[in-house]
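Q: I would like to learn how to read a structure of this kind. Please show it, and then take me through its features one at a time.

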Amino acid sequence: MESDSRRSFSKLTVRRVAVLGAGVMGAQIAAHFVNAGIPTVLFDLEAKEGAASALALRAVEQLRKLDPSPLATRRLAAFIEPANYRDDVARLAGCDLVIEAIGERLDWKRELYARIAPHVAPGAVLASNTSGLSLAALSAALPPALRANFCGVHFFNPPRYMHLVELIATDVSDAGMLDALETFLTTALGKGVVRAKDTPNFIANRIGIFSVLTARDPGPRRSYWERAANLSAWYYIRTFSEPDEGDAVLAQNGFPALIGGQDFDDLVDIF
Ligand SMILES: NC(=O)c1ccc[n+]([C@@H]2O[C@H](COP(=O)([O-])OP(=O)(O)OC[C@H]3O[C@@H](n4cnc5c(N)ncnc54)[C@H](O)[C@@H]3O)[C@@H](O)[C@H]2O)c1
């Protein structure tokens, strides 16, 4: 018999969504939900000055200016509700699906999960848009009751236009939840879903590393495979280590220290 905190996942009905993180991905993911007719609460950190939800508010304003437009029509921006974790966390209780899209740091995501977990509705699905962090490590930061309904859902940039979404289960993700979420992503959002294993950077970004390396510097300074192996090793260490421990391992192997927010281009320049 199912416990009270679980729902039957023959179908996932999404009446309201929360997106955590109003950055590049979070704001555009929110836009794609309102394109599909689903009202969305867009959270970000509390602003230091002005309105507490100023970060999310600004992100919504910015959506109206992006080209290509993340919004099917600009007026849809009105269905994205800007929010902040200090004042509005109780609004999570009204959301059937919560997608976390904050900066790519295990410690930030874990801290946020501890903060929001008590407010997630029983039976709601919680998913991370991480590009390659360990879903098992993220899941471990959640109370046990939420872990069955947690997985990775990796949208690509720009999310309105990129067809692919990777769906990543942990060992304890509920199989019915994953099927229902996949059906929702394909039918309501028009996405093409591939199931990826919980390995560093999943499928597409691993292939992407090799493509970027080849395109950027095919020269003989280091062999292609050596550079690719270095980059993969950097990513692996960064993904699965605590920052201090990771720095030590990288230093021992002649790699630069961990630097938050580095993107692919920075990494390719390093290697
Ligand atoms: N940018 C991309 O092309 C892309 C593509 C696919 C997936 N992703 C993934 O999506 C997620 C978000 O990436 P992004 O590019 O939108 O990042 P971003 O830097 O544009 O936005 C990050 C957001 O996280 C918030 N934030 C920062 N620290 C926080 C904290 N400690 N607690 C709560 N919120 C915090 C910031 O205020 C900001 O709104 C990451 O996991 C990233 O790997 C990014």
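**Reading the model**

A: We start with a loop: P158 is found in the loop between β6 and β7. Helices (H or I, at least four residues) and strands (E, at least two) are DSSP runs, numbered from the N terminus. Residues are numbered from 1 along each chain as its sequence is written. The model is predicted, and local features need pLDDT of at least 70, side-chain atom pairs count only at pLDDT 80 or more, while totals for chains, interfaces and linings use all residues.

Q: What is the average pLDDT of the protein?

A: pLDDT is the predictor's confidence in each residue, from 0 to 100. The protein averages 85, and 73% of the residues score at least 70. Over residues 214-218 the pLDDT is below 50, and this stretch has 2 contacts in the model beyond near neighbours in sequence. Residues 258-264 also have a pLDDT below 50, with 9 contacts in the model beyond near neighbours in sequence. Two residues are in contact if their C-beta atoms, placed from the backbone, lie within 7 Å.

Q: How many helices and strands does the protein have, and what percentage of its residues count as buried?

A: There are 11 helices and 8 strands. A residue is buried if 20 or more other C-beta atoms lie within 10 Å of its own, exposed if 12 or fewer, and partly exposed in between, with C-beta atoms placed from the backbone. Of the 271 residues of the protein, 39% count as buried. Among contacts between residues at least 6 apart in sequence, 66% join residues at least 24 apart.

Q: Which peptide bond at P158 is cis or trans?

A: Most residues other than glycine have a negative phi, and most peptide bonds are trans. The bond from N157 to P158 is cis, with omega near 0°. Another cis peptide bond joins D67 and P68, where omega is about 5°. P68 sits in the loop between α2 (54-63) and β3 (80-84).

Q: Where does N201, a residue with positive phi, lie?

A: N201 is in the loop between β8 and α8 (204-216), and its phi is near 70°, a positive value in a residue other than glycine. N201 is buried because 21 other C-beta atoms are within 10 Å. F202 is found in the loop between β8 and α8 too. F202 is not a glycine, yet has a positive phi of about 55°. With 23 C-beta neighbours inside 10 Å, F202 counts as buried.

Q: Which strands pair with β7?

A: Two strands pair if DSSP finds at least two bridges between them. Strand β6 (residues 150-155) and β7 pair in the antiparallel sense over 4 bridges, and V153 has L167 of β7 as its bridge partner. On β7 and strand β8 (residues 192-196), which run parallel, there are 5 bridges; the bridge partner of L167 in β8 is R195. Strand β7 (residues 164-168) is mostly covered, with 4 of its 5 residues buried.

Q: Is F43 buried or exposed?

A: F43, which lies in strand β2 (residues 40-44), is buried because 30 other C-beta atoms are within 10 Å. Not counting residues up to four places away in sequence, F43 touches several residues, including A18, V19, L20 and Y85. F43 and L55 are 12 residues apart in sequence and 8.5 Å apart in space, C-alpha to C-alpha.

Q: Which residues of α4 are buried, and which are exposed?

A: K109, L112, Y113 and I116 are buried in α4. Seen down the helix axis, these buried residues fall within an arc of 105°, so they line one face of α4. The arc is that of the directions from the helix axis to the C-beta atoms. D107 and A114, on the other side of α4, are exposed. The buried residues of α4 pack against β1 (17-20), β4 (97-100), β5 (125-128) and α5 (135-139).

Q: Which residues come nearest to the ligand?

A: A residue is near a molecule if its C-beta atom, placed from the backbone, lies within 6 Å of it. Of the 20 residues around the ligand, G23, M25, I102, S131 and N157 come nearest. Helices α1 (24-35) and α4 (106-116) each supply at least two residues of the shell, and α1 gives the largest share, 3 residues.
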